[in-house]
Amino acid sequence: MSTLRFGAFEADLDTGELRKRGLKIRLPDQVFQVLALLLERPGEVVSRSDLQNRLWPRDTFVDFEHGLNKAVNRLRDALSDSAGNPRFVETVAKRGYRLIVPVTGREPAGSKAAFTARLRLAVLPFENLSADPEQEFFSDGLTEEMISELGRLNPRRLGVIARTSAMLYKHSNKRIDEIGRELDVDYILEGSVRRVEMQLRITAQLIQVRDQTHLWAESYSRELADVFHVQHEVARRVASSLAFELLPGPDAGAIPPDAHEAYLRGRFFWNKGGDGNARTAIECFQKAIEHYPEYGLAYSAMADAYGTLAWFSALPPRKAGEKARAAAARALELDDRLAEAHCSMAVVRFWFDWNWSEAEEEFQRSITLKPDYAVAHNWYAAYLNVMGRFAEAATEQKIGEEWDPLSLVIAMNRADPYYFSRRYDLAIENLRRVLNREPNFYPAQYNLGRACALSGRHEEAMEAFRAAVRLSGVRQANVGLAYGLALAGKVREARLLQAELEEYARNEYVSPPPMAWIAIGLGDLEGALEKLRQGYEEGSPQMIYLKSDPIYDPLRERPEFAELMRRMNF
């Protein structure tokens, strides 16, 4: 293919066309040639002499310096970029220019823009060899941190599979070649850790999947405080084996062992899921920060945990948003190159601030810093669905799945562009595939209920909603069931559930926007609008779906709904 994608832009090297979100941007040929040469060598310095040779042959008489400066300025204008604060094209003093965003897409072999193939690596869960099973959090945390460390090696040439997919192989008896095929990776890093009080023994080995050759193996016996140095040393050995240059990372060695252990415990509980575990994780992250106030990753993780509490109605959104915003801001203040922190701030801008332009900038910045960060691609796809940019959302979803291929959440969200674009049959088909893999995955059951209800498949909808209520054990899941019952004409049952939820909401927080669904299903549009006004006043993150969710289609002709949309900056 000749089309290369960077940020929100696509460049077709064959036709010389540049597009942004599908809209063509006119560029003079010489300006496009500047862009094409930068795209051929992303992340590398393209010298002024290289540009001169491409744009102006030796027998052409022209003021080269003036012409090149003018062409680069025109390109920056087209990209809404600036020399002082570049997001795309960086000036390298006295040398040339560099494209500083990741480029996706491949050229045919032998073409002028062919790229070196990007290698793929998976870190299998480090085995806990300690006598104490309570140390499982440490081996899991070491796995996650090795994934992050290796992800910094050379993002343009090496991608690392996300934790969600890697952890599914914990205690697995599968062979390396089987795992390699399932994850579609070239290399696998596996190891073990034994911890006795303040002493560590870590082993690691790098295996080439193709022939299961062991490229190297090493053991490290160190003090607990040296764990970061071991991680960095393992990453350097991987870099050496794969002939990469290790990019400089943060000075992790400055983090005290107590802070590091608290952070790993927090990640352990966070990865378990649920609002109770999110609260425990926050306590752990707070302890980590008490031990080390400059722990940027701990602040970023805390921001994500507070956001989750708001999403599941476990904490009022204004309070959760305030805490998430402060934590994300502090993480960025400590380290502006932390991809996780930019993603955390993007979610704050998206869910709580309804600042759509800044949310997109933060998502793109996160992806630029860490192109294989599946979480950022997944949330950026959610943002694009909300904005009604369904084709772009599907592309981001696909990239996220490439780096986290076994994630049920990402696989489930593949249905979202279909659902939001009213292509319910395709959404249902995708959700059923996910449930064939894991029938007890209640979020997919819930989403299946919505898609079936809106497509008129009422019995299937109620079956899916009832499964979601049973599997989740969450009272609020009855909102979907009440909505499905109302659309199916079972008004009495729907009203009974509605009354039960209203009574429950007297003592526990229930997000108003989903309650509006029940009113819509019952034909009570005034009641639905009142719930949405309440959701706006409370700052509910679930208000973000007003623009694109088909559930709200019956309200779109109402001026009150249009006013809510305006107030939310849509």
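Contact here means heavy atoms within 4.5 Å. With that in mind, welcome to this predicted model. In the protein, residues 24 or more positions apart account for 60% of the contacts with a separation of 6 or more.

The protein's secondary structure comprises 25 helices and 13 strands. Its C-alpha trace spans about 80 × 65 × 45 Å along the principal axes. A compact globule of 570 residues would have a radius of gyration near 25 Å, and the protein agrees with its 25 Å. Of these 570 residues, 54% count as buried. The accessible surface comes to about 25500 Å², with 47% of it belonging to carbon and sulfur atoms.

Now to the charges. The protein has 74 positive and 82 negative charges, and their mean positions are 3 Å apart. Across the whole structure, a search finds 38 salt bridges. Here are some of them:

| Salt bridge | Closest N and O atoms |
|---|---|
| E136 with K170 | 2.8 Å |
| D177 with R175 | 3.1 Å |
| E178 with R175 | 3.5 Å |

What does the pair E136 and K170 tie together? E136 lies in helix α4 (residues 136–150) and K170 in the loop between α5 (163–166) and α6 (176–183), so the pair joins parts that are 34 residues apart in sequence. E136 is buried, at 17% relative accessible area, while K170 counts as partly exposed at 23%.

A network of salt bridges links R175, D177, E178 and R181. R175 is partly exposed at 47%, and E178 is partly exposed at 23%.

How values were computed:
Residues numbered from 1 in each chain as written. Predicted model: local features only at pLDDT ≥ 70, side-chain atom pairs only at ≥ 80, totals over all residues. Heavy atoms only, no water. Helix = DSSP H or I, 4+ residues; strand = E, 2+ residues; numbered from the N terminus. Rg over C-alpha atoms; globule rule 2.2 N^0.38 Å. Buried < 20%, exposed > 50% of the residue type's maximum accessible area, 1.4 Å probe, protein only. Areas by Shrake-Rupley, 256 points an atom, 1.4 Å probe, with all protein chains shown as cover. Lys, Arg positive; Asp, Glu negative; His and termini not counted. Charge placed at Lys NZ, Arg CZ, Asp CG, Glu CD. Salt bridge = Lys/Arg side-chain N within 4 Å of Asp/Glu carboxyl O.
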